[in-house]
Amino acid sequence: MGPAAFAALLRECRLAAGWSQDELADRSGVSARSISALEKGGRRPRMSSVLRLAEALGVDPDTRTRWLTAAREPELQPGEATDGPTAAPGGAPARPAGPPRTSAPPKQLPLAIRHFTGRTRELRALAELLPDGAPGCGAVVISAIAGTAGVGKTTLAVHFAHRVAEHFPDGQLFADLRGFDPARAPVAAADVARAFLDALGVPALRVPADPDGQLALLRSRLAGTRTLIVLDNVREAEQVRPLLPGSDSCLVLVTSRNRLPALIALDGAVPLPLDVLSPAEARELFARRLGADLVAAQQDAADELIELCARLPLALNIAAARAADRPCTPLAVWAAELRDSGVRLDLLSAGDSHADVRVVLSWSYRALAPQAARLFRLLGLHPGPHLSAAAAASLAGLPLAKTRALLEDLHRAHLITSPEHGRYTFHDLLRAYAAEQAAALEPRPEQDAATLRMLDHYLHTAHRAACLAYADDVSWQSFDLAPPTAGAAPEELADRQRALAWYREEQPVLERVVDAALRAEADVHAWQLVGAQVPYLLKSGLWQQWERASGTALAAAERLGDLGRQAHAHRWLGQVHRSQDRQPLAQRELRLALELFEALGDRPREGRTRLDLAIAHGEVRADAEAVAESRRALELFRALGDPSGQALALNSIGWYLAQQGELREALPQCRLALDLAREAGNLPGQSSIWDSIGFIHHHLGEYREALPAYRESLRLRRAIGDYFLQADIHTHLGDTHLALGDPEAARADWVRGLAILEDLQHRDADAVRVRLARLED
């Protein structure tokens with residue numbers, strides 16, 4: 001393979017097309033002189049030239065792959081080896097060395113449009129960004145594709161991304177930033193970063209809680225990799241600037257309805273304005289969708305229809321789909337209907353009274369059977385960004401099997417899309433059109449009933465998920481729910497694994513549903529939806545989502561005038577502030593919660609909140625205040641006869657006494673806590689208490705008593721799967737082994753603990769490295 005092989009392939013395809021070198025030059029933009037040199041095999045071609053020539057000749061994907069392979073590979077000289085990494089010009093490795101992967105590279109690109117048409121100039125401009133097939137120009141390559149809604153920005157970006165995906169072996173990332181969603185604010189950069197880190201296989205516990213830390217980790221993870229990133233529907237430069245990698249081996253494609261001048265001026269993005277299709281391109285699109293013979297036979301009607309659609313790709317594709325569904329109906333009929341219609345979708349207009357997407361959408365909508373049309377309207381009441389077939393069934397109040405069939409009808413009519421199996425979504429204009437139809441045709445009681453069924457679907461499913469996933473977690477307490485309204489069918493979750501998977505899949509939807517409940521003044525649903533998510537958000541480290549949800553829960557509780565629910569919301573806010581090291585805010589919210597629980601006589605929650613306050617005091621080294629709060633909690637739990645609560649309070653007292661150096665006073669507290677935790681069957685509590693006991697013995701110099709305590713704590717942590725705290729116990733074990741004069745045993749435990757901390761990218765890893773370094777001195 002090499003230039004000679006490519007020369008033969010090029011000449012063969014050109015001759016098969018019946019073109020001279022000059023004709024191919026005119027069609028491809030590659031000079032006739034260059035084509036002549038390439039066909040002689042005298043030099044290696046530029047990848048941009050290969051792509052232009054392949055596009056002009058219309059070669060199929062397999063042939064294009066053969067061309068790229070032949071053009072990339074050098075001619076082998078006698079005696080040359082064929083294995084080993086390919087070197088780029090100058091001897092540099094063809095692929096930069098990135099961080100080792102722990103999972104398969106993400107491939108998030110949506111499905112490419114099979115009938116993609118035209119855009120030759122734009123594809124050529126994009127190809128010129130990658131002169132050798134991949135980045136490497138000294139700065140990250142960014143293209144800003146801008147144009148009006150429906151003009152095909154995403155389609156172009158995805159089409160080109162698929163064409164060059166093979167040059168980005170470390171993955172292809174895709175995110176819709178919802179910059180122009182009429183119902184929701186744009187997606188924050190940190191939320192995109194969090195999703196990308198998940199896709200790149202970064203464990204949740206390794207992800208920092210703060211947005212800046214998440215963005216920094218993403219940039220670190222992308223450094224030295226060949227990754228393609230598509231950021232779709234961007235509103236402004238600031239929304240994506242923090243996501244831009246610093247590596248010159250990455251490609252970023254940004255689409256927006258705005259021109260993004262700041263991204264162009266400050267970040268070096270290459271602007272690519274996208275206009276409507278040319279008449280020839282639009283005609284070719286119709287020919288591909290409807291058949292070249294049909295379009296040629298009805299040329300005048302096809303041309304009028306194209307102009308009435310303003311040559312806007314979204315409108316053209318919907319019109320073509322409608323016409324293809326009724327091949328016996330002349331195109332002139334569709335043109336006359338569009339020409340005469342007085343309905344307008346003001347959100348999308350090309351400036352011509354005939355070019356209105358609402359009219360085109362109405363064609364597909366009016367062709368639906370009554371039940372499918374009703375489902376389409378009701379889908380406009382769903383907040384998005386996607387929904388499952390089960391959620392759609394509850395929304396419509398229909399059996400699941402029937403709903404699936406109707407969803408497939410809508411999918412075939414191009415009124416919804418299905419980016420992944422079993423999930424459905426809208427283009428934002430389709431969502432607006434569906435909502436308009438619901439407002440116009442569904443009586444208000446019917447709209448309210450559908451919204452209630454939707455809220456009950458998510459509420460009862462989320463509550464079931466929490467009960468399955470967190471049944472053995474003392475921090476989760478289920479609450480009473482009213483029965484679901486008639487027609488709502490919550491999902492049946494079989495086990496903990498399915499419950500956690502449901503949470504992961506639905507978390508973006510739950511966030512919107514909570515907001516929708518608050519807007520609908522369904523305040524009880526809004527609060528309960530948050531309560532059913534709190535354990536998942538806490539365990540997953542989704543601090544920003546937890547904070548937003550807790551704020552919504554507080555607003556709903558205040559509008560209800562429900563002091564108990566307000567107290568819970570204040571406590572949730574206090575916990576999330578504490579987790580993000582905002583201790584003054586944490587103490588303020590926890591104090592508010594405590595006052596309300598006291599006023600309501602809710603003594604169990606009062607006790608739990610006092611323990612939260614004790615931890616907040618401990619975070620700022622106010623150990624005496626932590627002991628005092630823990631003692632108050634103990635008194636409450638004793639009065640209530642709550643052994644698990646007493647165990648937690650006694651361990652808290654013992655721990656903070658030990659932090660003050662009162663070791664002899666601390667030990668009996670922890671031993672009594674252990675007895676009570678055993679009585680209550682609280683395994684996480686027992687593990688924490690054994691760790692406290694080991695810590696106290698160690699600092700008393702009773703190292704041989706400390707070892708078995710730490711080992712039992714470690715055994716329990718492994719049994720319950722608490723990964724992070726195993727590292728803490730290994731560190732303690734290593735300290736005790738060293739104190740006993742056994743440095744090799746200390747090294748072994750520290751190495752085990754360090755492996756966990758490095759896997760989590762935890763800041764405590766540095767302290768363990770210092771310990772190991774001292775062993776070498």
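These are my notebook entries on a predicted model of a protein.

**Entry 1: the overall count**

I started with the big picture. The protein has 777 residues, and 53% of them count as buried. I then looked up the secondary structure and found 36 helices and 8 strands. Next I checked how far apart in sequence the contacting residues are. Taking contacts between residues at least 6 apart, 67% join residues at least 24 apart.

**Entry 2: the nonpolar cores**

Which residues have the most contacts inside the largest nonpolar core? I got Leu368, Phe376, Leu379, Leu410, Tyr458 and Leu529, in a core of 70 residues. I picked Tyr458 and listed what it touches, skipping neighbours within four places in sequence. The list is His382, Leu387, Ala391, Trp502, Glu506, Val509, Leu510, Val513 and Leu529. Apart from this core lies another one, of 64 residues, including Trp67, Leu123, Val151 and Val164. A reminder to myself: in soluble globular proteins, nonpolar side chains tend to be buried together.

I turned to helix H19 (residues 389-396) and helix H20 (residues 400-412). Their axes come within 9 Å and cross at roughly 105°. Angles of 65 to 115 degrees count as roughly perpendicular, so that is the label for H19 and H20. On the H19 side, the contact is made by Ala389, Ala390, Ala392 and Ala393. H20 brings Leu400, Thr403, Arg404 and Leu407. Sorted by class, this contact of H19 with H20 has 6 nonpolar, 1 polar and 1 charged residues.

**Entry 3: helix H8 and what comes after**

In helix H8 (residues 189-199), I noted these buried residues: Ala189, Ala190, Val192, Ala193, Arg194, Phe196 and Leu197. I wrote the general rule beside them: an α-helix has 3.6 residues a turn, so residues three or four places apart point the same way. After H8 comes Gly201, which has a positive phi, near 85°.

**Entry 4: cysteines**

How many disulfides are there? The count comes to 0. For the record, a disulfide is a covalent bond between the sulfur atoms of two cysteines. I also looked up two cysteines. Is Cys250 buried or exposed? Cys250 has a relative accessible area of 0%, so it is buried. Cys328 has 77% relative accessibility and counts as exposed, because the cut-off for exposed is over 50%.

Ser550 sits in helix H25 (residues 543-560). With a relative accessible area of 0%, Ser550 is buried. Setting aside neighbours within four places in sequence, I found Ser550 in contact with Val530, Ala569, Trp572 and Leu573.

His697 was next, in helix H32 (residues 683-699). Its relative accessible area is 5%, and His697 counts as buried because the limit is under 20%. Not counting residues up to four places away in sequence, His697 touches Leu667, Arg671, Glu702, Tyr703, Glu705 and Ala706.

Glu758 lies in helix H35 (residues 743-760). I read 39% relative accessibility for Glu758, so it goes down as partly exposed. What does Glu758 contact, leaving aside neighbours within four places in sequence? The answer is Arg206 and Arg769. I looked again at Arg206: Glu758 and Arg206 are 552 residues apart in sequence, yet 8.6 Å apart in space, C-alpha to C-alpha.

- A cis peptide bond joins Gly384 and Pro385, with omega about 0°. Pro385 is in the loop between helix H18 (370-379) and strand S6 (387-388).
- Glu521 is not a glycine, but its phi is positive, about 60°. I found Glu521 in the loop between helix H23 (496-519) and helix H24 (523-540). Glu521 counts as exposed, at 57% relative accessibility.
- Arg621 is not a glycine either, and its phi is positive at about 65°. Its loop runs between helix H28 (603-619) and helix H29 (623-640). At 55% relative accessibility, Arg621 goes down as exposed.

Conventions: Residues numbered from 1 in each chain as written. Predicted model: local features only at pLDDT ≥ 70, side-chain atom pairs only at ≥ 80, totals over all residues. Heavy atoms only, no water. Helix = DSSP H or I, 4+ residues; strand = E, 2+ residues; numbered from the N terminus. Buried < 20%, exposed > 50% of the residue type's maximum accessible area, 1.4 Å probe, protein only. Contact = heavy atoms within 4.5 Å. Core = buried A, V, L, I, M, F, W, Y, C linked by side-chain atoms within 4.5 Å. Disulfide = S-S within 2.5 Å. Axes fitted to C-alpha atoms, helices over the stretch in contact; angles between N-to-C directions. Parallel < 35°, antiparallel > 145°, perpendicular 65-115°, else oblique. Nonpolar A, V, L, I, M, F, W, Y, C, P; charged D, E, K, R; others polar.
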